[in-house]
Amino acid sequence: DAERRVVASCLLSPSLMTKCGVLAPTDFTNSDCRAVWSVMAKFHKQGESWDSSSVASELHHQGAAEPEATLVRLTEGAVDTIAIERAAAKVRQMSLRCRAVKEVEGLQRSFLDPASDLNQTIQSTRRAVESFAVEYEESRLDLILASPSPGASCAGSHVLDEIAAFVQRFVILSRSELLVISLWVAHTWAF
């Protein structure tokens, strides 16, 4: 369901693609979501805008059966921006888990193979674990930043999102840096 919400929201609001664009088509397990995401990612990469009809047309061109019906199914009950960011972070974490499991299986075979170099296998394991840890922390941070705290004002969150969007037009920052700058702007203005 998280995959469908991510795809539907980005289909209906292409501007959300900048927040969810880190997802790759391979991150989606649902084939319809994967196909639609591929088309939107292609348009996004080319700097083109899209709507349901242009995505349906491209899907039809790629040989998809009944692309209009697929888009209607995917867009039923599309959700707000905060929920879509949370869903995108969850999809990213789920994809990370699947890739980590595959990597662990490969490393396990290397450890069991007496012909493999143990030193090299340990170094490969260390690099894989460090890489997954960094990616996990980033996805976890995205999930935390996208989750409003209980009782938090949605209006305040919306203002911070607008500040972040404005700042992002002029500088390239990580998600955590953008959050800090947005909070700093809000606090300097308030006090």
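Author: Let us begin with exposure. A residue counts as buried under 20% relative accessible area, as exposed over 50%, and as partly exposed in between. In this predicted model, Phe166 has a relative accessible area of 47%, so Phe166 is partly exposed. Phe166 belongs to helix H8, which covers residues 154-168.

Reader: What is the distance in space between Phe166 and Ser182?

Author: Their C-alpha atoms are 9.4 Å apart, while 16 residues separate the two in sequence.

Reader: How many helices and strands are there in the chain?

Author: The chain has nine helices and zero strands. Read from the N terminus, the order of elements is α-α-α-α-α-α-α-α-α. The chain has 191 residues, and 29% of them count as buried.

Reader: How should I judge the confidence of the prediction?

Author: One consults pLDDT, the predictor's confidence in each residue, from 0 to 100. Here the chain has a mean of 78, and 81% of its residues reach 70 or more. Residues 148-154, however, have a pLDDT below 50, and beyond near neighbours in sequence this stretch has two contacts in the model.

Reader: Which residues have the most contacts inside the largest nonpolar core?

Author: They are Val7, Phe28, Val36, Trp37, Met40 and Val55, in a core of 23 residues. At least two residues of this core come from each of H1 (2-12), H2 (17-20), H3 (31-45), H4 (52-61) and H5 (67-75). The most come from H3, which gives six. As an example, Val55 touches Leu11, Val36, Val39, Met40, Phe43, Trp50 and Leu71, when residues up to four places away in sequence are not counted.

Reader: Is Glu58 buried or exposed?

Author: Apply the cut-off from our opening step: buried means under 20% relative accessible area. Glu58 has 14%, and is therefore buried. This residue sits in helix H4. Its side chain forms a polar contact of 3.0 Å with the side chain of Lys42. Apart from neighbours within four places in sequence, Glu58 contacts Val39, Lys42 and Phe43.

Reader: How are H1 and H5 oriented relative to one another?

Author: One reads the angle between the axes, and a value of 65 to 115 degrees counts as roughly perpendicular. H1 and H5 pack at about 110 degrees, with axes 8 Å apart. H1 is therefore roughly perpendicular to H5. At this meeting place, Arg4, Val7, Ala8, Leu11 and Leu12 of H1 face Leu71, Arg73, Leu74 and Thr75 of H5 in contact.

Reader: At what angle do H3 and H5 pack?

Author: The angle is about 105 degrees, and the axes are 11 Å apart. H3 and H5 are therefore roughly perpendicular to each other as well. Asp32, Cys33 and Val36 on the H3 side meet Thr70, Leu71, Arg73 and Leu74 on the H5 side.

Reader: What should I look for in the backbone angle phi?

Author: Most residues other than glycine have a negative phi. Glu66 is not a glycine, yet its phi is positive, at about 50 degrees. Glu66 lies in the loop between H4 and H5. With a relative accessible area of 58%, Glu66 is exposed.

Reader: What share of the contacts in the chain with a separation of 6 or more joins residues 24 or more positions apart?

Author: Such pairs account for 63% of those contacts.

Definitions and conventions. Residues numbered from 1 in each chain as written. Predicted model: local features only at pLDDT ≥ 70, side-chain atom pairs only at ≥ 80, totals over all residues. Heavy atoms only, no water. Core = buried A, V, L, I, M, F, W, Y, C linked by side-chain atoms within 4.5 Å. Buried < 20%, exposed > 50% of the residue type's maximum accessible area, 1.4 Å probe, protein only. Helix = DSSP H or I, 4+ residues; strand = E, 2+ residues; numbered from the N terminus. Contact = heavy atoms within 4.5 Å. Polar contact = N/O pair within 3.5 Å; in protein donor to acceptor, adjacent residues only side chain to side chain. Axes fitted to C-alpha atoms, helices over the stretch in contact; angles between N-to-C directions. Parallel < 35°, antiparallel > 145°, perpendicular 65-115°, else oblique.
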